[in-house]
Every structure is written in C-alpha cells, then in structure tokens.
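Visitor: I should be grateful for a close look at one part of this structure, described together with the elements around it. Please state each criterion as it is applied.

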Amino acid sequence: MPEVMEPMIHEDQLPGHESKLEPKPDWKPRFKGSDRLRGKVALVTGADSGIGRAVAALFAREGADIAILYLCEHDDAGKTKEIVENEGRKAITIAGDIGDKTFCEAAVKQAVDRLGRLDILVNNAGEQHPDKGIRVNGVAPGPIWTPLNPFGGQPPEDVARFGKDTPMGRPGQPNEVAPSFLFLACEDSSYMTGQVLHPDRGDTTSR
C-alpha cells in the first residue's frame, strides 16, 4: 500500500490514470541494463505514469532503487512499484502534493529513511492545462557579467577569461539581456509562446 501523506488533493482530474488510457504508452526500457546506476537511490516525481514511469523502469534496470512520488493515482503507482521490483530493485510509493514544501521535505526524509540514501532527484511531475490566453516564453542568456560570477559562480582562475571563448569574444552585459524580457512582455511578441530567446552572442549556434 502507498504511504499517503495528508492532505490528498486531485486537481482538475490531472494528471489522470494511465491504467484507463488506450492505447497504453510504451514505458519498457529498450535495452539490457549495464549497472550504470548500481547501488544508487533515485526519487522520481510523477513516477506513477508516463515519462516518470519510464524513467523509474529504466533507472531500476540500471541498478537503482526508486522512491515513486505521485499525486493520488494509487493504481498507477502500484504498477510502477511492481515494474521496479520486477527488475530486482526496491521501490516505495509516496503520495502527496509536491506543491507543498512540507510534503516534499517529509518525502525526501522518508526516501532516505527507507532506502538508505538519496543520490538522484528527477523533477518530472508536471501539469498541462488548455489555451486561457496565457503565453509562456523564456530567456536563456549566455555568460553575462553579473556579481554571480566573480563571487562564486566561476572558479577564481576563470573569471579573467569569462565569456571570451564565445564567438563575440566577451561576456554579455545585463542591459543586453533586458530587452529580450521586454520583447516577450509586450505586444510585439503577441504571436509567440513556448519559445526561448538566447542572448548569448551566438554561443548556442556555434556548438
């Protein structure tokens, strides 16, 4: 039986039950394991179904024990636990809302207490809701000269050449990144969603 942490919620029928889905998604690992995760423990959120189940199955085949975190789809979580155990690994199921900080802390503690350690965290759980006029875009800058870098973001010996290995040969400045946020925030980007802007001096395209 799953270890249930109250309060339990089920919002908007999400993420749904894989046990009721037809055709069934293919979660089975494609190849034999080679002990790449031997002796490790992984905590996988949303591991009851979909991508999370496939990750749990693959990690188990590679030698990891699995803590299966999920919302409240107990039948799916039980199936994933069975899959992991059929690979010869240990599995525990923990039900609850990962949007609750207290639950997350308790779940991590339970994983460590019951499986002995925690080496890998896979933040897989997610939600998908239909088109409500909300656009989601992102900005992924390259090396930008901010206090983050000289005060611990870079090894001291690398600070002097920070950003010089990019096509433009220098780090970017914050005011070269800010316009990307302005563009995405205003009507100029009204037909864009699910996009990521890269103010990185060509670093992305040069690789």
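**Strand β3 and its surroundings**

Guide: β3 pairs in the parallel sense with strand β4 (residues 91-95), over five bridges; helices (H or I, at least four residues) and strands (E, at least two) are DSSP runs, numbered from the N terminus, and two strands pair if DSSP finds at least two bridges between them. Within this pairing, Leu69 stands opposite Ile94 in β4. The chain passes from β3 through α2 to β4, and this β-α-β crossover is right-handed; that is, with the strands pointing away from the viewer, the path from the first strand over the helix to the second runs clockwise.

The model is a predicted one, in which local features need pLDDT of at least 70 and side-chain atom pairs count only at pLDDT 80 or more, while totals for chains, interfaces and linings use all residues. Residues are numbered from 1 along each chain as its sequence is written, and side-chain values use heavy atoms, with hydrogens and water left out.

β3 also runs parallel to β2, to which five bridges join it. The bridge partner of Val44 in β3 is Ile68. Together, β2, α1 and β3 form a right-handed β-α-β unit.

As to burial, six of the six residues of β3 are buried, so the strand is largely enclosed by the rest of the structure. Here buried means under 20% relative accessible area, exposed over 50%, and partly exposed in between (1.4 Å probe, protein chains only). In a regular strand the side chains alternate between the two faces of the sheet. Both faces of β3 are covered: Asp65, Ala67 and Leu69 are buried on one side, and Ile66, Ile68 and Tyr70 on the other.

β2 is likewise mostly covered, with five of its five residues buried. Val41, Leu43 and Thr45 lie on one face of β2, Ala42 and Val44 on the other, and all are buried. Three bridges join β2 to β5, and these two strands run parallel; in β5, Ile120 is the bridge partner of Ala42.

Helix α1 (residues 50-61) has twelve residues, which should span 16 Å at 1.5 Å a residue; its end C-alpha atoms are 17 Å apart, which agrees. The expected span is 1.5 Å times one less than the number of residues. Gly52, Arg53, Val55, Ala56, Ala57, Phe59 and Ala60 are the buried residues of α1. They pack against β2 (41-45), β3 (65-70), α2 (74-86) and β5 (120-122). Just after the helix, Gly63 takes a positive phi of about 110°.

These elements meet in the largest nonpolar core, which has 18 residues; Val44, Phe59 and Ile66 have the most contacts inside it. Such a core is a set of buried Ala, Val, Leu, Ile, Met, Phe, Trp, Tyr and Cys residues joined through side-chain atoms within 4.5 Å. At least two residues of this core come from each of β2, α1, β3, α2, β4 and β5. The largest share, four residues, is supplied by α1. Leaving aside neighbours within four places in sequence, Phe59 is in contact (heavy atoms within 4.5 Å) with Leu37, Ala42, Ala64, Ile66, Ile120 and Val122. Apart from this core lies another, of ten residues, among them Leu43, Ile92, Phe103 and Ala111.
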